[in-house]
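Biologist: Before we discuss any details, could you show me the model and take me through the way its features are read?

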Amino acid sequence: MSINLSKLTVRSVRDGIAAKEFSAREVAQVSLDHIAATEDALHAFNQVTPELALEAADAIDAKVAAGEDLPPLAGVPTAFKDNMNLVGTRTTCSSKILSNYESVYDCTAVRRMLDAGAIPVGKCNMDEFAFGSSTENSATGPSHNPWDLDCVPGGSSGGSAVAVSAAQAVLSLGSDTGGSIRQPGALTGTVALKPTYGRVSRYGCVAFGSSLDQIGPFARTVEDAAFALSAMSGKDPMDATSMNEPVPDYVAAVTNARANGMKGLRVGIVRDMLDMDGLHTRIKGMTEEVVGTFARLGATVGEVNLPTSQHALAAYYIIGPAEASSNLARFDAVRYGVRAPEAEDVMDLYMRSRAEGFGPESIRRIMLGTYALSAGYYDAYYGQAQRARTLIIREFAEAFADYDILVTPTSPEPAFKIGEKAADPLTMYLNDIFTIPVNLAGNCAISVPMGKAKGLPVGVQLIANHFAEETLLGAAAMLEREIRFDSTPPFVR
């Protein structure tokens, strides 16, 4: 039979393999062939891994032949952001300084996906070290949005978003420090989930902001995102920040929500975020329509304000770079990474290697973070930002005393042209204005496609309390059913 990846879900892939309608190897090969046919236009991947993919697919087919039960992600082509280690691949973070680095261990989230039967088809392009909102800050070049090849796919997990949007893979993983899963999800018409901080292990994912980073999935359906979250979640002894919280059946949560509806759910639209300057009028209108949809489905709806969140962007761009400057200090070209060919001494080696290896945005954030942590400025900048963060956390906690779900836009505008904002970092940073508060507070959030503005996809962000992913996914599934967004871009039709 003909296999169309744009029509397949996690459930249909696994069930089709179990019923012997097609083999895991056939699905993997279709994915690899589609990547080969589309990569010149999209540049979603830094590395494609056919050997790993076919080896994993053959292992699934062996289980079928032996009559064994299949794992939940059996045969599902899956891509991983290039800041996640996987033995047998390079982990470059789209940076020159790590362009020759071969992974010597596995990222826990990646390993758990593979143990659940996922097929690794490659490592995805990203903004260098996850610094960016457009995937233009990549040493390997920008990724292209399959809805308009002249536009960015968002960032920093842009390649992972493109891989799913363009049906190169069924699932992908990204990392989200200030919106780097949800924002590209909105711009590419994919479902994009940031779990609660500590829900998914960060071990083996190259750190940007250690108190902010979280790994999560891209998918074309909410149920597929639930399958991925179920596979990845849980305490990891290798990550002290991963929480020992029970892992619910997220797929069942989606099923139950569809059966039981939204009666009893309390939904609050964040009014002051909708009134921010720069929000596209069409996106504002669609976000208000989403709340009306929840009301029609039986939810109790109201309005909430998060006034301290207007300071989240400023706080984030102190805390994030401060943590990044500390985390990136390890990339000195001595123990691993690309080394400058000529140097007079060790200090000259450090300076030359880092100057040549890091791109402009990485250097900007390292310098900003180092300055904010320096003697005489620590309290004025970093300390003040952390105090603002505490107020934001309290504000969210107060909101969740009255509401189960908060609703905001995901991004203030649809995808913009490649190069349009590259010379203006501040304008670029504003793309994450609605997503950053969630990272500072540590809550879970999801972007669900809600329609189009200027002919391009846009998303609505649903936010839930810490470790309330069941509620979040259930609400997202109901919204998805009502909106019925066609997630297949013209590029792959």
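Modeller: We begin with pLDDT, which is the predictor's confidence in each residue, from 0 to 100. In the protein chain its mean is 96, and 100% of the residues reach 70 or more. This is a predicted model, in which local features need pLDDT of at least 70 and side-chain atom pairs count only at pLDDT 80 or more, whereas totals for chains, interfaces and linings use all residues. Residues are numbered from 1 along each chain as its sequence is written, and side-chain values use heavy atoms, with hydrogens and water left out.

Biologist: How many residues of strand β4 are buried?

Modeller: Buried means under 20% relative accessible area, exposed over 50%, and partly exposed in between (1.4 Å probe, protein chains only). Of the 493 residues of the protein chain, 62% count as buried. In strand β4 (residues 171-176), 6 of 6 residues are buried, with Leu171, Leu173 and Ser175 on one side and Ser172, Gly174 and Asp176 on the other.

Biologist: Which residue in β6 is the bridge partner of aspartate 176?

Modeller: Two strands pair if DSSP finds at least two bridges between them. The partner of aspartate 176 in β6 is glutamine 214, and β4 pairs with β6 (residues 214-219) in the antiparallel sense over 5 bridges. Strand β2 (residues 77-81) runs parallel to β4 and is joined to it by 3 bridges, with alanine 79 opposite serine 172.

Biologist: Where do the buried residues of helix α1 lie, seen down its axis?

Modeller: The buried residues of α1 (residues 10-18) are Val10, Val13, Arg14, Gly16 and Ile17. Seen down the axis of α1, these fall within an arc of 165°, so they line one face of the helix; the arc is that of the directions from the helix axis to the C-beta atoms. Contact means heavy atoms within 4.5 Å, and the buried residues of α1 pack against α2 (24-42), α3 (50-65), β4 and α7 (222-232).

Biologist: Is alanine 167 buried or exposed?

Modeller: Alanine 167, found in the loop between α5 (158-165) and β4, counts as buried at 4% relative accessibility. Not counting residues up to four places away in sequence, alanine 167 touches Leu5, Ser6, His34 and Arg220. The C-alpha atoms of alanine 167 and leucine 8, 159 residues apart along the chain, are separated by 9.1 Å.

Conventions:
Helices (H or I, at least four residues) and strands (E, at least two) are DSSP runs, numbered from the N terminus.
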